[in-house]
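I opened the notebook to look up what surrounds the ligands. The entries follow the order in which I checked things.

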Amino acid sequence: MKQVTVVDHPLVQHKLTIMRDKETSTASFRRLLREISHLLCYEATRELAMTTKTIETPLMEMEAPTIAGKKLVFASILRAGNGLLEGMLDLVPSARVAHVGLYRDPETFEAVEYYFKAPEDLQNRLVIAVDPMLATANSAILAIEKLKERGAHNLRFVALLASPEGVKTFTEAHPDVPIITAAIDEKLNEKNYIIPGLGDAGDRMYGTK
Ligand code: PRP
Ligand code: URA
């Protein structure tokens with residue numbers, strides 16, 4: 001898989017534009033994030049290993065394609081990651097889930113960990129980490145480090161929006177982890193917000209400030 005995939009599908013770009021609009025309501029923002037996560041999940045799982053199994057259709061027996069290997073793990077970077085997680089689980093309901101609680105210190109922009117819970121056997125599974133925003137990449141880099149410490153070595157990172165700075169920093173820190181995103185914006189501003197961006201993803205999802 002390429003190290004960076006930008007999903008430029010018209011449906012993704014159209015929905016993202018509505019999400020960026022500051023007049024979009026909390027309810028619409030959450031619904032659109034869930035819808036886009038279906039389309040990002042579709043891309044992130046495109047190269048899953050396949051096998052076949054014997055089934056019987058109403059007409060005959062056939063060797064039918066099915067996904068090989070152990071169940072996937074989705075790792076949600078709290079709290080905004082949950083907005084992507086819900087949609088990913090719509091498509092892969094049997095996936096296991098890890099939660100990585102991080103917040104971005106508003107002064108230093110370092111990621112601060114407050115929670116971590118993951119399935120035991122990450123080494124045997126594809127682990128897809130999800131967070132709508134890749135800004136400085138401090139949060140994403142730490143989350144991937146924590147997952148690797150727990151044994152994960154087949155990882156992907158799905159973000160709704162990324163900054164060019166975040167993509168560069170992340171790919172240098174984790175060159176083995178492909179990024180799948182809907183857009184790479186212009187730059188970070190002086191407060192390390194992505195611009196044009198969509199603001200604070202967590203606040204827009206949950207109506208906080
Ligand atoms: C946001 C976002 C990412 C992080 C990105 O989370 O969801 O986790 O910032 O910024 P970075 O790339 O510079 O680390 P935030 O810390 O606001 O927490 P929240 O999800 O609880 O709102
Ligand atoms: N976190 C967000 O939610 N938005 C940004 O633009 C940057 C970090």
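Which backbone atom of Ala80 lies 3.0 Å from ligand 1, and from what kind of atom? I found a backbone N or O atom of Ala80 at that distance from an oxygen atom of ligand 1. I counted a polar contact as a pair of N or O atoms within 3.5 Å; within protein, one must be able to donate a hydrogen and the other to accept it, and residues adjacent in sequence count only if both atoms are side-chain atoms.

Before going on I noted that the model is predicted: local features need pLDDT of at least 70, side-chain atom pairs count only at pLDDT 80 or more, and totals for chains, interfaces and linings use all residues. Residues are numbered from 1 along each chain as its sequence is written, chains are lettered from A and ligands numbered from 1 in the order in which they are written, and side-chain values use heavy atoms, with hydrogens and water left out.

**Ligand 1**

I looked up the side-chain contacts next. A polar side-chain atom of Thr136 is 2.6 Å from an oxygen atom of ligand 1. For Ser139, a side-chain N or O atom lies 2.5 Å from an oxygen atom of the ligand. Ligand 1 taken alone exposes 500 Å², and the protein buries 90% of that (Shrake-Rupley method, 1.4 Å probe; for residues, only the protein chains shown count as cover).

I listed 15 residues around ligand 1, the closest being Arg104, Asp131, Thr136, Ala137 and Ser139 (a heavy atom within 4 Å). By class they are 7 nonpolar, 4 polar and 4 charged (Ala, Val, Leu, Ile, Met, Phe, Trp, Tyr, Cys and Pro count as nonpolar, Asp, Glu, Lys and Arg as charged, and the others, Gly among them, as polar).

**Ligand 2**

I found Arg104 again in the list around ligand 2, which also includes Met133, Asn192, Tyr193 and Asp200. The shell has 5 nonpolar, 2 polar and 2 charged residues.

The contacts I noted here involve backbone atoms. An N or O atom of the Ile194 backbone is 2.8 Å from an oxygen atom of ligand 2, and a backbone N or O atom of Ala201 is 2.8 Å from an oxygen atom of ligand 2. At Gly199, a polar backbone atom lies 2.9 Å from a nitrogen atom of ligand 2. On its own ligand 2 has 240 Å² of accessible area, of which the protein covers 89%.
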